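Thanks for making the time, everyone.

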Amino acid sequence: MEIKQPGFIEAFQQDVELADNATFHDGEGASTHTAVTSWQSFCSALGVQCLRPLDPNSSSLSAKLSEMDLVKAWAFWRVKQCGTSPPTVRGYLSILNSWHHRKTDVGLAGNLSHRPVLRYLDGLSILQGAPPPRKLRVGVRPRDLRAGIDVVYDPASPADVNLASAMETGHGGCLRACEYVRGARKKFDPERGSASRADVSFEFDAGGEPVSCCVMAVNSKARGAERFRKLPHYLPMDAGYLSPGRMLYFLTEVADRVPLDQRRVTPLFRDPSTCQQITIATLRSEVKRVMQAAGRPPSAYGTHSLRIGQATARAFVGADEKDIKYAGKWSSAAYLKYVRERRAESLRIAKLACGADVDDFENEFLAIEQDPVSLVMADSSDED
């Protein structure tokens, strides 16, 4: 049947693409994943197209093998020039092939088996003897963060208060960076999990003083529709070194206040001059600057250092495994049963952690079974 309605085919194709993209974890068809962006950069450097569909039936074997050589060259580039471990590139290949299939209905190299590339990567692992060590991210100590913020930022500047508050919230809430600021290829979209001013709430005592603060944020490791569901993170109002709840109150009610009807469409942390959400890249560079001001080597820190620092501090003050997992939303959906019953205890531990003079240690989390803090170190790619 011929469809004559103007725009029908275009609307259909656009809707199919949106639905396909939504099935990926990032909601964008994996187009923002390192596997895909690095493939695009590699092909651009060679002056070839990144989408390379070959007819699985009519294409010659030599044409398919030539395409497989290109994939193998990309794997070589990732390992040898970018420093990615062979096992990681193995995972990248699966994601890249899935993205290519979604875009063209054909996998890389005309659906030819990827065994030659996988065998090459396995051989590289054997030659290396062991995967190269991951770049270490040191946890931010509450005392250092307080000292650095006090040196670098001006409390009279709304822009500075946004940055300082983002750091204290990331630390106090044990959040991944992508859960409260945005990646380079993301757009601010509160309907798809972006943190807005409407996600902050306070409780007050009889005298009108704020006594508790709650920030609603997504769990970026969730799957399916769950990745858009926002969960509560309770922040202490006042603690020894950091007071993220107090800082958020100052930000939202004094330094950078917005009308009530605009809070849902206003990023939680923004550049007031442009009203744009703070990016992960900006926050990362600011964390390094603050740590340098506190007398720490900036290269050892990134946005994930805030999350590591909170988990470390919780372990340091004696929090048990359930409290740490609840704070960082680890262990798949198991944390959901603790959302209500552990609120008071989590807030108590957060206050202790934000005021803890933590020892400068990196991996001393021996008391935690299947250490969730180690998982923080392992998933440091969340920054991006």
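This is a predicted model: local features need pLDDT of at least 70, side-chain atom pairs count only at pLDDT 80 or more; totals for chains, interfaces and linings use all residues.

The protein has 384 residues, of which 48% are buried, and its secondary structure comes to 13 helices and five strands. If we take the contacts between residues at least 6 apart in sequence, 69% of them join residues at least 24 apart.

Let me move to helix packing, with α7 as the reference. Helix α7 covers residues 158-172 and helix α9 covers residues 280-293, and their axes come within 11 Å and cross at roughly 85°. Since an angle of 65 to 115 degrees counts as roughly perpendicular, α7 and α9 are therefore roughly perpendicular to each other. On the α7 side the contact is made by L163, A166 and M167, and on the α9 side by T282, L283, E286, V287 and V290.

How do the axes of α6 and α7 cross? Helix α6, residues 142-152, has an axis that comes within 11 Å of that of α7, and the crossing angle is roughly 175°. That value is over 145, the cut-off for roughly antiparallel, and so α6 and α7 are roughly antiparallel to each other. Here α6 contributes P142, L145, R146, I149 and V152, while α7 contributes D160, A164, M167, E168 and H171. The residues of the contact of α6 with α7 divide into six nonpolar, one polar and three charged.

Now to the loop between α4, residues 86-104, and α5, residues 115-128, which is where H114 lies. Is H114 buried or exposed? H114 has a relative accessible area of 16%, and because buried means under 20%, H114 counts as buried. Leaving aside residues up to four places away in sequence, H114 touches M68, L93, N97 and L108, and with N97 there is also a polar contact of 3.5 Å between the two side chains.

D105, which lies in the loop between α4 and α5, has a phi near 65°, a positive value in a residue other than glycine. N111, found in the loop between α4 and α5 as well, has a phi near 70°, which is again positive in a residue other than glycine. As background, most residues other than glycine have a negative phi. As for accessibility, D105 is exposed, with a relative accessible area of 61%, whereas N111 is partly exposed at 45%.

The glutamate I mentioned is E179, in the loop between α7 and β1, the strand at 200-204. At 3% relative accessibility, E179 counts as buried. Which backbone nitrogen lies 2.9 Å from a polar atom of the side chain of E179? It is that of S220, and S220 is also among the residues that E179 touches, together with A195, A217, V218 and N219, when residues up to four places away in sequence are not counted.

Next come two pairs that are separated in sequence. V138, in the loop between α5 and α6, is buried with a relative accessible area of 11%, and its C-alpha is 7.3 Å from that of I308, although the two residues are 170 apart in sequence. Q292 is found in helix α9 and counts as exposed at 53% relative accessibility. Q292 and D144 are 148 residues apart in sequence, and the distance between their C-alpha atoms is 9.6 Å.

Finally, the cysteines: the structure holds zero disulfides. C214 is in no disulfide, and the nearest cysteine sulfur, belonging to C213, is 7.1 Å away. C214 is buried, with a relative accessible area of 9%, while C178, at 33%, counts as partly exposed.

Methods
Residues are numbered from 1 along each chain as its sequence is written. Side-chain values use heavy atoms; hydrogens and water are left out. Helices (H or I, at least four residues) and strands (E, at least two) are DSSP runs, numbered from the N terminus. Buried means under 20% relative accessible area, exposed over 50%, partly exposed in between (1.4 Å probe, protein chains only). A polar contact is a pair of N or O atoms within 3.5 Å; within protein, one must be able to donate a hydrogen and the other to accept it, and residues adjacent in sequence count only if both atoms are side-chain atoms. Contact means heavy atoms within 4.5 Å. Axes are lines fitted to C-alpha atoms, for helices over the stretch in contact, and angles run from 0 to 180 degrees between N-to-C directions. Angles under 35 degrees count as roughly parallel, over 145 as roughly antiparallel, 65 to 115 as roughly perpendicular and the rest as oblique. A disulfide is a pair of cysteine sulfur atoms within 2.5 Å. Ala, Val, Leu, Ile, Met, Phe, Trp, Tyr, Cys and Pro count as nonpolar, Asp, Glu, Lys and Arg as charged, and the others, Gly among them, as polar.
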